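Here is a predicted model. The turns below take up its charged side-chain pairs and the labels given to them.

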Amino acid sequence: MANRIVKKFAMKDMRELVGDLSQTNHYMVSFSTLNSTLMSYIQNRIGFQEDVRNFLSRKTGLLCSEASLPTSSFATGEVRDNFMGIPQEFAHTRLYTDIDFTFYVDTNYVNLKIFESWMDYISGGSEVDQISELNEDYYRRMRYPDNYKVQTMFISKFERDFNSQIDYQFINAFPKLVTAIPVSYGAADLLKVSVQFTYDRYIVNPRGSIRKSNTSGFNDITRVSNDSTATSTTLPSTGSAAANEYFEDNRNSLLNDPRGIPFDYDPTRLGFQNIDIPSKKVLERQPGGGAQMTERPPYEQPFDRPGDQSAEAAATKQEAAKLRNYQETQREAAELKADIEARQKMFGTPF
């Protein structure tokens with residue numbers, strides 16, 4: 001017999017459990033810092049005398065009236081073939097939902113200006129060309145993501161005794177939407193603005209800070225740094241069997257190119273230096289004379305491979321191919337005509 005799940009609870013145990021539940025009104029939102037270029041843009045844009053960094057890190061969090069703790073989900077794929085009649089799902093992608101924050105707006109509209117300036121910076125790349133927003137030919141150009149995404153956005157949930165806390169750090173976050181702010185005559189109310197942020201992922205209770213890196217940590221393929229360029233190419237040594245096979249494969253691929261595009265081979269343009277291209281003596285007919293033995297590189301030799309035919313045999317083969325194509329076309333036309341006649345006989349119309 002299975003163990004019983006339903007058990008008796010003493011009132012003392014229930015009071016201890018229910019009296020220790022978390023409350024919703026103890027939290028803190030903060031932006032530790034922004035990109036220095038973005039920070040300078042916001043500072044100049046809003047003309048704010050106070051330090052924007054200090055306002056974001058302290059006052060913006062205190063003005064946040066509503067927030068949400070982030071959640072995520074998995075996108076799954078279904079497999080039905082492992083066990084008969086039993087479908088299974090497997091996770092393949094972790095999905096993160098956008099998060100909304102609602103802020104009180106101060107009388108100087110500083111936090112509203114900050115978020116508007118942040119979004120203007122994202123789409124204001126045309127100012128690099130010194131085109132003002134007041135110009136008729138003003139346009140939008142998105143900036144590079146590294147310049148406007150931040151990794152220092154946090155939300156912390158704690159209790160009134162400050163003994164327990166959970167922190168969320170958002171990676172590569174930026175404002176995606178600033179919602180409309182309704183105003184109306186009548187009873188006064190506090191002005192609020194809601195901002196929706198999107199992000200790549202979040203970390204629960206992060207330990208330490210984000211470490212930037214120009215090179216990928218994956219080692220499945222050879223990778224180079226963002227600020228360097230691969231300048232060397234490894235080729236088999238000249239004269240070796242591998243080198244002969246390498247050039248023979250390239251020659252065959254050029255000769256078999258169905259497009260018939262002439263190819264001017266220059267190995268030095270790809271950075272290959274001191275490469276000897278093997279050549280063979282072929283029989284070539286020169287104008288005004290008989291057949292002469294000349295030196296030609298292998299990729300220019302049209303009929304010097306095993307199994308190739310002479311020029312006359314190749315022409316005969318082309319004529320045979322044309323005849324087969326013509327016969328195939330005639331056969332398809334006859335089949336189409338028969339199909340139309342059958343439809344017309346059955347339905348009274350060929351279509």
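Q: Where do Arg-331 and Glu-328 lie, and how many residues apart are they?
A: Both lie in helix α7, residues 311-347. They are three residues apart, about one turn of the helix.

Q: Why is the contact between Arg-331 and Glu-328 called a salt bridge?
A: The cut-off is 4 Å between a side-chain nitrogen of Lys or Arg and a carboxyl oxygen of Asp or Glu. Arg-331 and Glu-328 come to 2.3 Å, N to O. That is within 4 Å, so the pair qualifies.

Q: What joins Glu-328, Arg-331 and Glu-335 into one network?
A: Salt bridges that share partners.

Q: How do you know that Glu-78 and Arg-80 form a salt bridge?
A: Their side chains meet at 2.6 Å, N to O. The limit is 4 Å, so the pair counts.

Q: What makes Arg-80 exposed?
A: Its relative accessible area is 57%. Exposed means over 50%, so Arg-80 passes. Glu-78 has 42% and is therefore partly exposed.

Q: Are Glu-159 and Lys-157 buried or exposed?
A: Both are buried. They also form a salt bridge, with the closest N and O atoms 3.1 Å apart.

Q: How many salt bridges does a search of the whole structure find?
A: Seven.

Definitions and conventions
Residues are numbered from 1 along each chain as its sequence is written. This is a predicted model: local features need pLDDT of at least 70, side-chain atom pairs count only at pLDDT 80 or more; totals for chains, interfaces and linings use all residues. Side-chain values use heavy atoms; hydrogens and water are left out. Buried means under 20% relative accessible area, exposed over 50%, partly exposed in between (1.4 Å probe, protein chains only). Helices (H or I, at least four residues) and strands (E, at least two) are DSSP runs, numbered from the N terminus.
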